[in-house]
Amino acid sequence: MTATETEPARVTSDKAQPTSKRTTQSSAPAAGDRRRWFALAIVMTAAFMDLVDVTIVNIAIPSIQREAGASFSQIQWITAGYALAFAAGLITGGRLGDIHGRKKLFLIGIGGFTLASALCGFAANPEMLVASRILQGAMAALMVPQVLSIVHATFPAHERGKVFGLFGAVVGLGAVTGPLLGALLTEWNLFGLEWRPIFLINLPVGIAGLILGSRFISESKAPKALKLDLVGVALVTIGLLMLLYPLTRGRELDWPVWGYVSMAGAFVVLAVLVLFERRKAARDGSPLVELSLFKVKSFAAGIAVQTVFGVALGIFFLVWTLYMQFGLGWSPLKAGLTGIPFSIAVSTAAGLSVQQLVPRFGRKVLQAGALVMALGVLLYIWEANRYGLSIAPWQMALPLVVMGVGMGLIVAPLTDAILSEVPREHSGSASGLINTVQQMGNALGLGLVSVVFFGVVDDKLAEAKEPTAAGLAFADGFQNALWWVAAVLGVIFLLMSALPKRPAQHVEGADDSAPAADEEPALAG
């Protein structure tokens, strides 16, 4: 599970014009039309499919590595490639929906996601699987931003609270269902297809969504949508690839000089991005990244928190899966069931933090979440060291629940804390950027697994002679990676001191009864 499976964060449509000057052109059904509920079920199913897909893949990764013959760097790219493509395309996907129609882009997205799932399921080799996962992430970037934009165009303001509540339930269900469903599909080995059903299960769902969506979803556009910034997207993608590719391949290639040159060059590309975005903002007011937002202290700190938190989660969830299945030799089902207490703890704590704790204690809840999650990580390190390879799932339950509670205290209220001091006219740009950097942080964390996990595993295997060397090496690598995660959580705690002490006070009224069209929650996969 990733952070994106636990929270409906706000927005991806990324429009910067003031809401008061913008209307939405829509042929939405009237409030009494039952078609809107069919449309809701369709887009919620698509969002659920995206959410579950990530956790399904995580639990099946060791099986893919063994049975498809993928190298560990390819395993990293199966997950990081999806996150990178998703992050790079999120804001552009939202803008395309505003320009060309949200229904049209949703149908293109779900159709492409389904096709990419089929390519993943029938991949002939690891290289094809990595390429198909990148395509799948790109198609998710077209589909996901439209989901709640369609809700806004379809439902009147007084019904949106109920709808967003349903989305929260879908997110929680996806967090619990994904690992278990992935474990079952991998364990059952349906029709001798081994791990492939984790992708092929998307085909009937996607085809049904495509057919029903074309019938029941109403088209809508934003008449003043921002222009595309394809140069910005290209610069972000190139910069991240120059950073991530050497990180994932460097260990296998014995850290060549070109890798260090590429990683240093990545920062040059990102500097060029900043200069280009400034010029584009001055020229036509439609940059990919609204740089003026970083003048808001709480937003800048919050973006840093979101990015670094994505790094921590990217590291943890991959090495956790590898530790349980490679290090301890557990089956996918046993590993999947072990994670259920964590998912339940996240969902429960997330609900409590938003509804009861944050309104009373404000920023302290998020900071407590970082400390509690770090405590859970340290407890996990202690137990993994104490029990070694004989550790049982029930012994993992306590640290996982503590970690889950800490994570739940962070993920649900974090978006509102970041946006609380952002001017309303920039809320769309800010929210789209939040989702984007979360995915980028996740991709970076997955890339760092080569350093903080596989580096230790390789060293231990080179030194060891015992029959249990592989298991012990993975256990040591897991503990080393958790120390990194704990350190990152400490950094997050410090960064949170720049967030607002109290949540923003919203004035109730007709205009604020629900988020504006550029402020809807968005689900990221």
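## Lining of the second largest pocket

The lining of the second largest pocket comprises 20 nonpolar, 3 polar and 1 charged residues. Here Ala, Val, Leu, Ile, Met, Phe, Trp, Tyr, Cys and Pro count as nonpolar, Asp, Glu, Lys and Arg as charged, and the others, Gly among them, as polar. This is a predicted model in which local features need pLDDT of at least 70 and side-chain atom pairs count only at pLDDT 80 or more, while totals for chains, interfaces and linings use all residues. Residues are numbered from 1 along each chain as its sequence is written, and side-chain values use heavy atoms, with hydrogens and water left out.

Of the 24 lining residues, Leu-240, Leu-270, Leu-273, Val-437 and Met-440 lie nearest the centre of the pocket. Two or more lining residues come from each of helix 2 (72-100), helix 8, helix 9 (257-284), helix 10 (297-327) and helix 15 (427-463). A pocket is an open set of points on a 1 Å grid over the protein atoms alone, where a 1.4 Å probe fits, with protein on both sides within 12 Å along at least five of seven lines; lining residues have an atom within 4 Å of a point.

## Thr-248 in helix 8

Helix 8 (residues 230-249) contains Thr-248. Helices are DSSP runs of H or I with at least four residues, and strands are runs of E with at least two, numbered from the N terminus. Thr-248 counts as buried because its relative accessibility is 1%, the limit for buried being under 20% (1.4 Å probe, protein chains only).

## The whole chain

The protein chain has 16 helices and 4 strands. Buried residues form 59% of its 525 residues.

Technical notes
Buried < 20%, exposed > 50% of the residue type's maximum accessible area, 1.4 Å probe, protein only.
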